[in-house]
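Reader: I am new to this structure. Please show it, and then take some questions.

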Amino acid sequence: MASIRRTLSPAYHDRPYQNGAVSTHGGVSSPSHKLLSSSKYSSSLPSAVAAFVVNFRRKGPQGLRKAFVRWGVFFLLGFLLGMLPLGHVDDIRAQDFSFDIKPPHVNVQLEEEGGGGGGSGGDRGVKQEQDVVVDVRLGIDEAARAESGNGLLVFVPRKQIIVVTPTYNRPSQAYFLNRLGQVLRLVPPPLLWVVVEMNSASMETAEVLRKTGVMYRHLVCAKNSTEVKDRGVHQRNTALEHIEHHRLDGIVYFADDDNIYSLELFYSLRNISRFGTWPVAMLAQSKNKAILEGPVCNGSQVAGWHTNEKSKRLRRFHVDMSGFAFNSTILWDSKRWRRPTSIPIRQLDTVKEGFQETTFIEQLVEDENQMESIPLGCSRIMNWHLHLEAHGRIYPRGWLLQKNLDVALPLK
C-alpha cells in the first residue's frame with residue numbers, strides 16, 4: 001500500500017524583519033503586524049496621516065510639537081502674504097478707509113406756484129439739489145428767511161434773559177411777585193429769574209416762586225440790614241456776584257417786583273447786543289402826574305434824555321433802574337469788551353440817592369454811541385414805575401390772617 005507523505009512547509013525559525021521584530025514558530029506575529037492587521041482602516045488613510053502616525057510612534061510627543069511649530073510658521077507666512085496688496089501702494093487713497101457716514105447735502109425748497117417743468121401746475125413740490133449745503137443751526141427762535149435769497153430756513157437760537165428782582169417782606173409782596181411771575185411765564189425760554197432777599201430766604205417767597213412755573217434762583221443777601229442805606233443796591237450786587245461767579249450768559253435786566261411790565265419788553269430784550277435803553281413812564285411822588293424818563297432816540301441811536309427833576313439834572317445818564325439792560329458777559333469777560341480795568345462792576349451805595357443808575361451805567365459804557373435804542377426810535381412805553389406802596393401795614397405770616405376783620409356785617 002502506497003503511503004503518501006505530505007511535505008511540510010519549511011519552518012521559519014526566528015526570522016528577523018526589518019523593523020527588528022522576530023517571527024516565532026507557531027504563527028505568532030510581530031507587534032507591528034498586529035497593528036496593521038487589527039487596524040483594517042489603516043490601509044485606506046491618506047499617506048500623510050499614515051506617515052504622521054508612524055512618525056509619532058517613532059519620535060513621540062517631541063516630534064508632534066515640532067510639527068505644530070512648523071505648521072504655525074507656514075500659516076503665519078501665508079497670512080502675511082495674503083494681506084499684501086496686489087497693486088501699487090499709490091492706488092490706495094485715504095477715502096478708501098474712511099468710516100465717516102456722509103449723506104449727500106439736500107436743499108429742500110418749495111417750488112413757486114405755477115412753475116413749469118414736469119410737475120403739475122400750481123402744485124408745490126420738493127426738489128433736491130446735491131450741490132447746495134444747507135446751514136441749519138439748532139435754536140428755538142422763529143424761523144427766518146435767509147438774506148441770501150435762496151429761501152432757506154435758518155433757526156437762530158434765543159438769548160437767555162436774566163431777570164434780577166430784589167424783594168422784601170411786606171403786605172403786597174405776594175401780589176407783586178405773582179403778577180411779575182405770570183408775565184415771565186409767558187416769555188419764551190430760556191429765561192432765568194434771580195430773586196434776592198435780605199438776611200434769609202422766607203418760605204412765603206419760595207412758595208410763590210415754585211408756583212409760577214418759571215426757572216428761578218432764590219438768593220440771600222448776607223449784608224447786615226442795619227448798616228444798609230439802600231437794600232436794593234446790595235441785593236442787586238448779590239445777583240451780579242452770582243452771575244459773574246457762574247459766568248451766566250444772557251441779557252441782565254433789573255425788574256423790581258412793584259413795577260408794571262408789558263410782554264413786548266421781554267421780547268425786545270433779546271435784540272440787545274451790548275447795552276440797550278428805553279423810556280420809562282413814572283408816576284410822580286405827588287401821584288397827580290406822570291413823568292417820562294429815559295432816552296430821546298434818533299432811529300437806533302440815543303440823541304438825548306428825558307428828565308423833569310431839577311435835582312437829577314447833574315446825572316450823566318437819565319435812566320430809571322428798570323429802563324436799561326445789558327449783556328452779562330461785560331461782568332466777567334473784560335477782554336471781549338475791551339474794558340480798561342478788571343474791577344468788578346457793582347452798584348454803589350455811597351452815592352447820593354437817585355445816582356445809583358448813572359454811576360452803574362458809567363461802568364458799562366463810555367457814552368451814548370455804545371447804547372442801543374429799544375425799540376427802534378424809543379417810540380413805545382413798555383413799562384411803568386409806580387409808587388403805590390402803602391406803608392405801616394402788617395405783613396401777614398404765611399399770607400394768612402390770624403383774626404377776622406374788626407367790623408362784621410350780619411347776614412340778613
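Questions and answers on the model follow.

Author: This is a predicted model in which local features need pLDDT of at least 70, side-chain atom pairs count only at pLDDT 80 or more, and totals for chains, interfaces and linings use all residues. Residues are numbered from 1 along each chain as its sequence is written, and side-chain values use heavy atoms, with hydrogens and water left out.

Reader: Which strands stand at the edges of the open sheet, each with a single partner strand?

Author: Seven strands form this sheet with mixed pairing, in the order S9-S8-S7-S10-S16-S12-S17. Strands are DSSP runs (E, at least two residues), as helices are (H or I, at least four), numbered from the N terminus, and two strands pair if DSSP finds at least two bridges between them. One side of each edge strand is left without a neighbour in the sheet, because each has a single partner: these are S9 (216-221) and S17 (372-373).

Reader: In S17, what is the bridge partner of Gly276?

Author: Strand S12 (residues 275-277) pairs with S17 in the parallel sense, over two bridges. The partner of Gly276 in S17 is Glu372.

Reader: Is Thr165 buried or exposed?

Author: Thr165 lies in strand S7. Buried means under 20% relative accessible area, exposed over 50%, and partly exposed in between (1.4 Å probe, protein chains only). The relative accessibility of Thr165 is 0%, so Thr165 counts as buried.

Reader: What is the relative accessible area of Leu80?

Author: Leu80 lies in helix H3 (residues 61-83). Leu80 is partly exposed, with a value of 46%.
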